[in-house]
Structure formats: C-alpha cells, structure tokens
Amino acid sequence: MPSSSSTDATTGADPAAEPQTADRYAAFARSPLGRRVVPGLGLPDPVPLRRDTPGAPLAPGPVLVTGLVGTDGHEHVGGAAGVAAAELAAVGADVVRRDALAHVDRLGGLVVDATTAGSPADLVGLVGACTPVLRRLARGAHVVVLGLDPAALPGGATAAARVAQRGLEGFTRSLGKEVGGGRTVQLVLLRGRGVDVVGSTLRFLLSGRSAFVSGQVVRVGDPVHDLPPAEQARGPHPLSGRRAVVTGAARGIGASIARLLVARGAEVVLVDVPAAADALAATARSVGGAPLVLDITSDLAPGRLAEHCERAGGVDVVVHNAGITRDRRLRNMRPDAFAAVLDVNVGAPLRLTEHLLGAGLLGRGGRVVGVSSLAGIAGNDGQTSYAASKAGVIGMVDALAPVAAAAGATVNAVAPGFVETRMTAAVPPLTRQLGRRLASLGQGGLPVDVAEAIAWLAEPASAGVDGQVLRVCGQSLLGA
Ligand code: NAD
C-alpha cells in the first residue's frame, strides 16, 4: 500500500504503513488478564519486541562480556571477548565484566566468547557463563555467543575442537527457545580475519534492529574490502553516500526497505511495475527516494537499470525484493504461472545482478541482497513454484558470492518468516495463527524487521558477512 504518511527520519519507521496486526491472541496475551494466565500456562507469550527507536541505547541495560567459566570458577577469555567489549563500548554500551556483576541489577545483553572451547567437555563452561545471569536478563535483552567456524578451523585443529565448536549451534538454538520475554540468542562464527570486522554484526545483533531475528548462526570472515572509518560505521548514518536500488518498492516490505535505507543515509531508487506507477511515485515521495518504473522481467530491464545506475554514477546496493506468488497445488499448476513466479523471484534478479557485475557497475563495496523466504527452506503446501524460486535465491547467493567477492562486493539474502503484510493478512485465519505461534518469539514480524536485516548487510562495515542467508523469522520451527 503506498503511503503518504509521515516518516520518522531516523528509523525510517512509518507506523501508518504497517498493516494493523489483527493478532487477537497477542492482544489478549498483552492484556492484564492475559499477563496473569499466559505465562503460567506455558502458552506462547508474544511480548512487544524491543525495536530500534531514535536515540535509544544499544541495549536495555549493561552488557556482560564473558568467556567460558569452568566448574572451578575460572574464566577462559579469548581474544574475541576483548574485541567485542571494545566494539560495544565504542557505541556507548555499558560493558561489564564478571568482576563487576555485583553492581548490576538487570543486564541488557550478554556476549559469551566460546572461541576457546577445544573439546566437548569445555562446553560446560557455557553453564558457568550463562546460568548465573539468565534470570537477570532484561526483557528484550539479546545474547550473542561467539565461536569459531568449525568448517574453517586451521588444518591442525583437533576433532575435539571441531566437535566443541559445532556444539555451540545446538546450544544457542535451544537457548533461543528458552529465554522468552522478547529475548533473542544468536551464534556468531568467526573465520579468518572475521574477529577484526565483527563490529557491525555485534551492533546489529545486540540492538533492537534484530528484534525479530533469533536462533540464527551468522558467519563473519575475511572482509571483501577495507572497512570504512570507524566514525561512519558506528554513527546513525552508516549508509551515507551509498546509492541503492530496491525492487518491488511501491508497497509492503520493499517500501519499508527503501524508507529505512534513506533514513540510514542512502540515496534510493525505488523500482516497480508500470501498473504500480502511481503507488510507486507516492511511496518514493513519502520516503524521499526516486521512482523508476520498470518491469524487472522485461528483456530491456538489465540494460535500462544499468543505464540508470550509470547516469547516477554507479550503484552500491541492490535489493531484489520484488516477488509474486501464484499458489496452487502442483496437480492444478499451469506452466505459465509456474514460469512467472520463477522469473520475477529469481530469474530476473539473477540476470540483473550478472549484468551489473559484468558492466562493472557493482564493484568494490557493492552489496547484493536477495529476499528469499522460509518457504524456500522448508517448502510449503501449495507453493512448489514459490518455494522453488525462493530456494533459487539461496542458490543465487551461493553462485554469485564468489564472483562478486573477487570484485570487492558481497552477495547475501534474508529469508523472512511470517511478516505482517497484506500478503499474510490474506492467509486463512488458522494458518495465520499457526504461522505466528510457530516462532519462539510467538508473533509475526513487521516489514521493518526485514528492512533492518537488509540495512545491516548493506553497511560498508559488513564486508566480512558474505554468501549468507539470514532468517528473519522469530526462530520459526519451519525448516529449522
Ligand atoms: P507485495 O506483494 O506487497 O510487494 C511486492 C512488490 O513487488 C509489489 O509492489 C509488486 O508490484 C512488485 N513487483 C512484482 N512483480 C514485479 C516486477 N516484475 N518488476 C518490478 N516489481 C514487481 O509483497 P511483500 O509481502 O511486501 O513481499 C516482498 C518480498 O518479501 C517478496 O519477495 C516476498 O516473496 C518476500 N516475502 C514476504 C513474506 C511475508 O510474510 N510477507 C515472507 C517471506 C518472503
């Protein structure tokens, strides 16, 4: 839906553009009666999530940075803990270490450096690190465990070290299901020089920008290009000076992405089909971007987009958000409908990206972000075409990330789960309730949650995050 409502210039939030979540269960659970009965009965508890607001601190309280703590009480601190503490302190977070815990009532975040785990038995140190403080985590506090990517450990690494580091994944995914209260838990796996460039990822995962991301594994490795100056990376406009293109931006998630990228400092071109030209113009006006009427599936689209970018002096960020569904069970499927879904959702993004890379328009510092879906990971009844196309988006990331990295650009994707949009408002009521409640966070996400993940990937400081697919799904059980 095009929006002509006012936009918050700092967060890009446009509450009027978000659909009213007709989530009656959430409304009940948040009512005085619901607050009394829901937690006691062990029902899903969709508490309001802590989302980013202008000027809000990174975390809702001090952030404890700790190593693993053995049964003898000894803390094993790796180099990653020091880096994390410095990165968080640099953006004003109140970082505390274990020896200062006595002075802290509620923690706003927890970072556990588990990179020192060299054998399965070392994982017991997670109990020493986490258990004493879990009850002190504020609502909406975020937990990040730092590990080493088992697939990228040096050749001399022992099997025991690989086992221990792989074990962190089960730990974090399970803790994500336990913590409740809008708290989230993620695992960041470092590889190569990843520890040197982990700052943007820590800031994203500990802040309200990742409110609807939980139980995920993010790999941070060698940056594909040099990082920007720290002041720009840590400031409120990390995308300033960046030129971005967002497809399917006339409404819904695409409009939200465009709005947030503008709020973070980017110049944004909003693309949509001729039939949506009026809505596109209104949205572009509302978010402060420029409209480009273009059907991405047309033969002329790669050339026209390249021309447009060339005139603007190049492009830094391309977000392939445009998407369609033509849902039917396969026994009733028409080939032309199946083909249309494949072409809009993945065929055209592939052609456009290859053209821009080939023309040298997407180079050093470039970012390509695809929009996949949980359906592309888990499959869905009646969605063979959509799921094939969205799995294809993940294939595009796998195929093009190495090519783009050679040019100094990254290729990633986000995979949204249930997001409150016009699309999901049309889903049958029971399926809709199920979609929301299957998430550990017990609710659907908002378009801005998808936009936040994309804005993080688009930052120049995220040069060490490449070839990945981040689920923005509140830790849904689907495909997990
Ligand atoms: P939407 O239908 O509201 O918006 C999609 C936009 O893409 C529309 O403005 C449409 O005109 C545009 N578009 C379609 N074909 C195009 C073409 N050929 N060229 C240019 N633009 C075109 O959808 P949404 O709910 O905002 O979803 C956005 C993206 O997120 C889609 O890729 C969708 O598959 C994905 N997604 C959505 C959800 C959800 O819960 N809503 C979940 C997972 C993934």
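User: Is Glu 169 buried or exposed?
Analyst: This is a predicted model, in which local features need pLDDT of at least 70, side-chain atom pairs count only at pLDDT 80 or more, and totals for chains, interfaces and linings use all residues. Residues are numbered from 1 along each chain as its sequence is written, and side-chain values use heavy atoms, with hydrogens and water left out. Relative accessible area is classed as buried under 20%, exposed over 50% and partly exposed in between, with a 1.4 Å probe and protein chains only. At 13% relative accessibility, Glu 169 is therefore buried.

User: Which residue forms a salt bridge with Glu 169?
Analyst: A salt bridge requires a side-chain nitrogen of Lys or Arg within 4 Å of a carboxyl oxygen of Asp or Glu. The closest N and O atoms of the pair are 3.2 Å apart. Both residues belong to helix α5, three residues apart and thus separated by about one helical turn; helices are DSSP runs of H or I with at least four residues, strands are E runs of at least two, and both are numbered from the N terminus. The partner, partly exposed at 49% relative accessible area, is Arg 166.

User: How many residues apart are Asp 149 and Arg 219?
Analyst: The side chains of Asp 149 and Arg 219 meet in a salt bridge, at 3.1 Å from N to O. Asp 149 lies in the loop between β5 (137–148) and α5 (159–178), whereas Arg 219 is in strand β7 (residues 216–220), so that the pair links distant parts of the chain. Asp 149 counts as buried at 1% relative accessibility, while Arg 219 is partly exposed at 28%. Their separation in the chain is 70 residues.

User: In which helix do Glu 307 and Arg 311 lie?
Analyst: The two residues form a salt bridge whose closest N and O atoms are 3.9 Å apart. Glu 307 is partly exposed, with a relative accessible area of 46%, and Arg 311 is exposed, at 64%. They are four residues apart, about one turn of the helix, in α10.

User: What is the phi of Gln 475?
Analyst: Most residues other than glycine have a negative phi. Gln 475 is found in the segment after β14 (469–472) and counts as buried at 4% relative accessibility. Although not a glycine, Gln 475 has a positive phi of about 60°.

User: How many salt bridges does the structure hold?
Analyst: Asp 23, Glu 420, Arg 436 and Arg 437 are linked in a network of salt bridges. For the structure, the number is 19.
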